[in-house]
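Subject: Structure for you to look at

Hello,

I am handing over the structure we talked about, and I would be glad if you opened it before reading further. My notes on what was found follow below it.

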Amino acid sequence: MAIMYALKSSDNEIFEVEQKVIEQSETIKKMIEDGAATGEIPLQVSSKTLAKVLEWCKQRQHKTVENENDDNKGKRKKERDEDDDIKEWENKFSDELKADKDVLFDLLLASNYLDLPALLSFLCQLVADMVAGKMPEEIRRMFNIENDFTPEEEKAITAEHGWAFQP
Amino acid sequence: MDRESSGRKVGNEVKEDRISGLSDSILCHILSFLPTKYAVATSILSSRWKLVWTSIANFDFDDRLCLEYSRTEDLTNDASTKFENFVNRVLVLSNSVNINKFTLTCCKLRYPACLNSWLFTAIMRNVREIQLDLYDVELPECLCTCKTLEVLSLRSIFVIKIPSSGMCFPSVKILFVELLSPKNSVTEKLFSSCPVLEELTIIAHFDCHDPVTNFLILSSTLKTLTIGINVQGSIYNRHNFMISAPNLKCLYIQDDTLLSYTVDELHPSCEVMIDIFRKGLEYFSTPNIQQFLRGVGKTKILDLSANTMMALEIILTKDWPTFPSVTLLEVDVGSSLWRLLLVLLDRFPNLEVFIFQKELREPAILEHGLYRPLCVPSCLLSNVKNIEMCKFTGEKEELDLIEYCLKNGEVLETMRVVSGKMTLQKKLKLCQKLLSLERGSKTCKIEFL
């Protein structure tokens, strides 16, 4: 039987999760190692976000478990197929996040707080892809960034890094 | 920790700027995934963003990211100068103590000294990874002796002077090189001079008029070696590979010609994958191939692509050598070889795991049906424990083969059949069919996915 832990979200919802799944979070892993994890583990993450985090962790977990089990047996071909599956899953996951940026940012903060490096990098890459090659005005609109520069200041920055602003 | 969106998107209310509220370290992480041009351009978004980029630890300079490149073949001198000034300024203004990754893609450098000074800056800041895509440069010596550099990727025509100590890139574990008509001065020395190299990828493009090239790879630390050879033109140049890497775990060769490979001392558990295209067939020489196969055949794990199988079948016909060491064989089987699978199995007397996947492009040939040798392959009778068939579609020739293996596989433990895309109904029907087949081994399990 797998060891289960109960995670408690900031809005008091309980999530029963396998140890292996949540140990991907360095923060929780430390709590468990320190013995601070008796009973429910309270987390500063909302249930909606936590559910999304766990969705990610479970997906990652599947991959590692399968790879462990059958050392060399058919690994390469299966790995290739598996990689395709994961790609497909990740694309769907990304599309959802792009459509709802609030979830994206909640997840970014949660992955940082829970110390989930793989998820954090994945999300940072996602945001970077959204930004890459876009004009400043487009980026501001996308993320509701208010331009607080005076026209003079803006001109000075453009002049300073000329090449960066060439189309 | 997080702020839920409930009640915030009411009416025409101004939406919250959440990205600017992220910590500097997360923003820097995001900017690290961008070409530096775009990372620096975020400085104009708002005052919050003005200096964020100055802490990035990954630099990616690419002179193709401006319109002037697409208008002309090369950058104009003016654009080239602007690019060089940009890189200079960014490196001066950036305040990250350590540089994680430095990437430079540049069609033309007006002042080669620039490269030296940029690399020197990166090296002074303990750079861990460098990727260069340049044309015709001489790599500075400081790069060859850099102690923090662990990952190096070179896609360029480059000249390199191996330091007189004979040691180059003292900490590089992962080396990727893409070479155009490489010179022997590089190929004979470089790959044997890196003292801690673990992963080496060599992609080489040859012109048919290139002189004979010798690749010498002598390394006791190397674990993964990938070789990809492309030859332009109709005549094949000659290239020789001499590989002696006793701790190699994975050898992957993609080479149309397999002209001359001498492979020494492979570790028995090394996994060998060979992929060759058919177009090089006329350049194969049977003795060379046999010599090569004898070299790699000492390993336990062999993976051959469909093209390789086809090519080998045509060249070797009945002269397939025997591979007594191989215990795991993975093959992609084209239609013409499918019927000969059992004959092939006979060449692997100690096989334990057999994985195959069908690559059917000319299904008509299948009319011949499965060729059943007079004697059951000995490995099937006494050694093969696992068989896996991928991309199963339920056709007769597949069922024939499964039936044969199940019936004769006397020590078979698992027969795993991974189905391709099919309806659930068909799947159930096939599953029933598979389970009803006679099994030579009482303990054999059938897994159907």
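In this predicted model, N126(B) lies in the loop that runs between α5 (112-124) and β3 (129-138) of chain B. Although N126(B) is not a glycine, it has a positive phi of about 55 degrees, and because its relative accessibility is 37%, it counts as partly exposed.

D115(A) is not a glycine either, yet its phi is positive, at about 55 degrees, and with a relative accessibility of 34% D115(A) counts as partly exposed.

Turning to the place where the chains meet, 49 residues of chain A are in contact with 57 residues of chain B, and the area buried between the two chains is about 4,900 Å², with carbon and sulfur atoms giving 61% of it. Between chain A and chain B there are three salt bridges, and one that you can find for yourself joins R89(B) to E160(A), where the closest N and O atoms are 3.4 Å apart. The rule for polar contacts finds eight residue pairs across this interface.

On the side of chain A that touches chain B, the elements that give two or more residues are α3 (47-69), α4 (75-99), α5 (101-113), α6 (117-131), α7 (136-143) and α8 (151-160) of chain A. Sorted by class, that side has 21 nonpolar, 14 polar and 14 charged residues.

Best wishes

Technical notes
Residues are numbered from 1 along each chain as its sequence is written. Chains are lettered from A and ligands numbered from 1 in the order in which they are written. This is a predicted model: local features need pLDDT of at least 70, side-chain atom pairs count only at pLDDT 80 or more; totals for chains, interfaces and linings use all residues. Side-chain values use heavy atoms; hydrogens and water are left out. Contact means heavy atoms within 4.5 Å. Buried area is the accessible area (1.4 Å probe) that two parts lose on being put together, summed over both. A salt bridge is a side-chain nitrogen of Lys or Arg within 4 Å of a carboxyl oxygen of Asp or Glu. A polar contact is a pair of N or O atoms within 3.5 Å; within protein, one must be able to donate a hydrogen and the other to accept it, and residues adjacent in sequence count only if both atoms are side-chain atoms. Helices (H or I, at least four residues) and strands (E, at least two) are DSSP runs, numbered from the N terminus. Ala, Val, Leu, Ile, Met, Phe, Trp, Tyr, Cys and Pro count as nonpolar, Asp, Glu, Lys and Arg as charged, and the others, Gly among them, as polar. Buried means under 20% relative accessible area, exposed over 50%, partly exposed in between (1.4 Å probe, protein chains only).
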